[in-house]
Every structure is written in C-alpha cells, then in structure tokens.
Amino acid sequence: MRQFSMSTTQINKPVIGITIGDINSIGAEIIIKTFMDARMMEFCTPVIFASNKTINFYRKLMNENNFNYQSIKDFTRLNHKQVNVYNCWEEEVQITPGVLNETGGKYAARALEAAINCLKDGYITGLVTAPIHKNNIQSETFNYTGHTPYLRDSFNAKDVLMFMTADNMRVGLLTEHVPLADVAKYVTKENILGKLHLMRDSLVKDFGVDQPRIAVLGLNPHAGDDGLIGREEIEHIAPAIRHAKGNGILCFGPYSADAFFAREMFKQFDGVLAMYHDQGLIPFKSLASGNGINYTAGLGIVRTSPDHGTAFDIAGKNLADPDSFRQAIFACLEILEQRERYAENTRNPLKKTELASE
C-alpha cells in the first residue's frame with residue numbers, strides 16, 4: 001500500500017466521492033473489495049454514491065457480510081471512521097449483473113449527477129468514478145461519449161485532457177472516443193497546442209514536475225515518412241510542436257508510435273501525447289502492469305477512475321481485480337496533496353524571498 005505524508009492521515013482527511021457506475025457491472029464489486037481493507041480509512045473518508053440496496057445486493061452476492069457502512073442522505077451524518085453510502089435513490093431497482101440494459105445506465109447517471117452536485121457544494125474533496133457503459137447511459141441529459149466530456153461541461157471547463165497515468169508512464173489523448181475514420185480531422189495545430197498546454201500545466205501542478213518533457217506521437221505509420229504516407233505530421237503536428245517550444249513547452253517529436261514504445265522511449269519523457277485512443281491506450285495498458293488510472297486534467301476538481309471498463313463478462317462472479325480502482329483512489333489523494341503543495345509554493349513568492357533573505 002502506498003505511503004502518504006501526515007497531511008493525508010490527520011483528522012481532516014479528504015472526503016472522496018465514489019460513483020457506483022453501471023449497477024450491472026463490476027463497479028460495486030471493486031468498490032467493496034477496495035474498502036474491505038480497513039487501512040483505506042486511514043487515508044480518506046469514502047462516500048459511495050449509490051443506494052443501500054445496491055451495496056447490500058453485491059455484498060451478499062460476494063459473501064462479504066462483514067463489509068459495514070454508514071447510510072446517509074445528507075452530509076450532517078458523515079462518519080469519518082467508516083465507509084458512507086449516500087443514497088441517490090430509494091426505489092426498488094432490479095439488478096442483473098452482466099446484463100447491458102437501460103436500468104444500469106439510468107442509475108449510473110443518477111449517481112454521477114449527485115456526486116457532481118456534492119462536489120460543487122464542497123461536501124466532497126475529490127471524485128473517483130467506477131465504469132459506465134457509453135451506450136446505455138445516453139439520455140436527454142447525458143449526450144456524451146463518456147465521463148470526460150460530461151465533466152468538462154459540468155464544470156464549465158474550456159477543454160480537458162484524458163490523461164492515463166501509472167508509475168512508469170503518463171499518456172494523454174488528443175482525441176478520446178472518436179471513430180477512427182474521423183480522427184484525422186481533429187489533428188490540427190490548434191487542438192494539439194491546447195492539449196500540450198493542458199498536459200504541461202497538469203504535470204507541473206498535479207504531478208510536481210518542474211520542467212516536464214513531453215513527447216508527441218505522429219498520426220500515420222512511421223510518422224508519415226516525410227509525407228509519403230500522410231501529411232498531418234508536416235502540416236499540423238510538427239508546426240504545433242515548434243509553436244509550443246516557442247512558448248516554453250519542452251515537447252519533442254513527432255515520433256513513430258510503434259518504435260517509440262517498442263524502444264521504451266517513453267522512459268525519457270514525463271508525458272506522451274497520443275493522437276487517438278488505441279494508439280495511446282494499447283501500449284499504456286500493456287506496460288502499466290495493472291496499475292494505471294485515468295485522470296481528467298484541466299478541471300478545477302480532481303477526478304480519477306480505473307483504466308478499465310464495465311467488464312460485463314465477469315460481473316457478479318466475484319472475479320474483478322480491484323487494483324486499478326485502488327490506485328485511482330490513491331492517485332486522487334496524491335493529486336489533491338500535490339495541488340495543495342503547489343498552491344503553497346506559489347503563494348506570494350515575493351514575501352517568501354523576503355523571509356529567506358532575513
């Protein structure tokens with residue numbers, strides 16, 4: 001288990017909101033398995049956004065009757081020594097593990113909306129989301145391809161970065177859940193510059209890297225081979241890199257994605273910007289050894305999630321591995337702590353200089 005400084009284990013522990021995700025997926029299982037370890041309570045006060053009946057259903061299914069929690073409907077009853085379940089609904093809901101249906105998406109959205117409202121009201125400090133399914137969650141109020149753009153609009157952010165992080169690498173995406181046939185039209189100098197600024201700022205403020213080095217991957221095989229098999233590198237990616245360097249961002253490339261990961265060049269950089277989902281996530285998930293998490297950079301709040309999906313094929317079978325979800329909890333705590341450290345270090349620098357000279 002990761003170690004933290006005393007600031008995270010004192011009485012004012014961070015209150016971390018946890019959304020249940022699709023109620024027919026592995027979300028409840030990985031949450032219960034994570035907080036069965038009583039040591040987790042040393043680092044945070046968890047609040048699960050779901051319902052008592054949903055948690056009880058999976059607790060019995062997993063034969064984990066020793067998993068105890070406090071049920072709350074408002075934060076006046078928050079228990080800092082125990083897991084809390086914030087009841088987002090009271091009605092009877094049929095839970096069918098492993099089944100993709102409208103019910104799973106409906107209540108995933110309800111839990112997410114409640115958690116976001118509590119974040120805005122300051123009741124919770126950070127957010128960790130269990131997986132949703134991007135199809136069955138669609139509705140009039142959720143017309144998004146996933147958590148990332150939904151959170152962007154919920155918090156009125158100009159742009160956000162889907163940032164996959166692990167102990168050995170960090171990979172951000174220019175495009176997230178975009179059909180492969182449409183990716184090239186998003187590969188523009190403006191879009192690349194926007195993501196590079198988000199990544200640089202996040203590496204500095206959220207991860208404590210003073211002068212981050214960022215690698216930029218090409219779009220085409222062999223990074224276009226000097227225009228022979230695609231001109232996006234020449235017309236958009238390379239100009240964006242040059243412009244970013246002129247504005248103080250240490251970025252390099254474009255690199256051919258296959259050689260970049262095969263030769264372990266990612267070890268030379270603090271972050272990697274991939275052009276599309278599979279270009280970044282296939283090597284990331286292969287090399288992160290199950291310790292990767294998804295972080296939404298660019299928000300005023302901290303949100304993380306595991307690096308996997310709903311896994312309906314094993315839902316309800318007590319087979320789900322909670323490692324990535326556990327890492328998402330710790331990553332949320334670490335980023336919250338690093339943000340506090342950054343804010344303190346950059347607060348009134350002239351005063352600090354005066355004190356140091358005395």
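Me: A polar contact is a pair of N or O atoms within 3.5 Å; within protein, one atom must be able to donate a hydrogen and the other to accept it, and residues adjacent in sequence count only if both atoms are side-chain atoms. With that in mind, what makes the backbone nitrogen of Gly27 and the side chain of Ser25 a polar contact?

Reply: The model is a predicted one, in which local features need pLDDT of at least 70 and side-chain atom pairs count only at pLDDT 80 or more, while totals for chains, interfaces and linings use all residues. Residues are numbered from 1 along each chain as its sequence is written, and side-chain values use heavy atoms, with hydrogens and water left out. The backbone nitrogen of Gly27 lies 3.2 Å from a polar atom of the Ser25 side chain, and the limit is 3.5 Å, so the pair qualifies. A polar atom of the Ser25 side chain also lies 2.7 Å from the backbone oxygen of Asp22.

Me: Where does Ser25 lie, and why is Ser25 called buried?

Reply: Ser25 is in the loop between strand 1 and helix 1, where helices (H or I, at least four residues) and strands (E, at least two) are DSSP runs numbered from the N terminus. Buried means under 20% relative accessible area, exposed over 50% and partly exposed in between, with a 1.4 Å probe and protein chains only; Ser25 has 1% relative accessibility and therefore counts as buried. Contact means heavy atoms within 4.5 Å, and, neighbours within four places in sequence left aside, Ser25 is in contact with Tyr58, Pro131, Thr310, Phe312 and Ala315.

Me: Why is the pair of Phe43 and Phe330 called edge-to-face, whereas Phe49 and Tyr86 are called tilted?

Reply: Rings of Phe, Tyr and Trp (its six-membered ring) pair if their centres lie within 6.5 Å, and planes under 30 degrees apart count as stacked, over 60 as edge-to-face and the rest as tilted. By this rule there are 18 aromatic pairs. For Phe43 and Phe330 the centres are 5.5 Å apart and the planes stand at 70°, so the pair is edge-to-face. Phe43 lies in the loop between helix 1 and strand 2 and Phe330 in helix 9 (residues 323-345), so this pair ties together parts that are 287 residues apart in sequence. Phe43 is buried at 5% relative accessible area, and Phe330 is buried at 1%. For Phe49 and Tyr86 the values are 5.1 Å centre to centre and 40° between the planes, which is tilted. Phe49 belongs to strand 2 and Tyr86 to strand 4, so the pair ties together parts 37 residues apart in sequence.

Me: What makes Asn63 exposed but His222 partly exposed?

Reply: Asn63, in the loop between helix 2 (52-61) and strand 3, has 61% relative accessibility and therefore counts as exposed. His222, in the loop between strand 8 (213-217) and helix 6 (232-246), has 46% and therefore counts as partly exposed. Phi of Asn63 is near 60°, a positive value in a residue other than glycine, and phi of His222 is likewise near 60°.

Me: Why is Phe252 called partly exposed, and which residues share its aromatic cluster?

Reply: Phe252, found in strand 9, has 22% relative accessibility and therefore counts as partly exposed. Its aromatic cluster also holds Tyr255, Phe260, Phe261, Phe266 and Phe269. Strand 9 contains Pro254 as well, and the peptide bond from Gly253 to Pro254 is cis, with omega near 0°.
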